[in-house]
Amino acid sequence: MEKSSPNYKLIYRDIINKKYPNKISICQKILSKEKLSVLDIIRLNDIIFDNSQIQNSSKNQKLRSYDRETILKILDFQKMHNLNNLQTASHFKLSRNTIRKWKMIYL
């Protein structure tokens, strides 16, 4: 049996149309993609729900999961911008130990 994932495009379109119609133009570029990556979903979440609204960001961060493709994109971003683990972790709101662990596993 194949795992199905939620239709994030539909979910975020509904949220934007019903609660945040002023943010449609900002999110349109991301929502027009054929397939949303985990980074796209996180970016949409940050745009729609301002970080100031999220009081328990550390709790929210613990609930995030990343697939192999997204992890490799994050590590490529680090290489491309010549960042250390701390800078990369800060940019993506991760732990520097998580970045180190991913580098040991995937590189």
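I began with Asp46, which forms a salt bridge with Lys93, the closest N and O atoms being 3.6 Å apart. This pair links distant parts of the chain, 47 residues apart: Asp46 sits in helix H3 and Lys93 in the loop between H6 and H7. Asp46 is partly exposed at 24% relative accessibility, and Lys93 is partly exposed at 39%. I note that the model is predicted.

Next I looked up Asp40. Its salt bridge with Lys33 has the closest N and O atoms 2.9 Å apart, and for its salt bridge with Arg43 the figure is 3.2 Å. I noted that Lys33, Asp40 and Arg43 are linked in a network of salt bridges. Arg43 and Asp40 are 3 residues apart in helix H3, so about one helical turn separates them. Is Asp40 buried or exposed? I found Asp40 buried, at 4% relative accessibility. Lys33 is partly exposed at 34%, and Arg43 is partly exposed at 41%. The count for the structure is 4 salt bridges.

Then I turned to the second largest pocket, which holds about 260 Å³ of space. I counted 13 lining residues, with Leu39, Ile42, Arg43, His91 and Phe92 nearest the centre. Helices H3, H5 and H6 each supply at least two residues of this lining. By class, the lining has 7 nonpolar, 1 polar and 5 charged residues.

Last, I checked the cores. The largest nonpolar core has 12 residues, among them Leu39, Ile42, Phe92 and Trp102. H3, H5, H6 and helix H7 (96-106) each give two or more residues to this core. I also found a second, separate core of 10 residues, including Tyr20, Leu31, Leu36 and Ile48.

Key. Residues numbered from 1 in each chain as written. Predicted model: local features only at pLDDT ≥ 70, side-chain atom pairs only at ≥ 80, totals over all residues. Heavy atoms only, no water. 1 Å grid on protein atoms, 1.4 Å probe; cavity = no way out; pocket = protein on both sides within 12 Å on 5 of 7 lines; lining within 4 Å. Points joined across faces, edges and corners; volume = space filled by probe spheres on them. Helix = DSSP H or I, 4+ residues; strand = E, 2+ residues; numbered from the N terminus. Nonpolar A, V, L, I, M, F, W, Y, C, P; charged D, E, K, R; others polar. Core = buried A, V, L, I, M, F, W, Y, C linked by side-chain atoms within 4.5 Å. Buried < 20%, exposed > 50% of the residue type's maximum accessible area, 1.4 Å probe, protein only. Salt bridge = Lys/Arg side-chain N within 4 Å of Asp/Glu carboxyl O.
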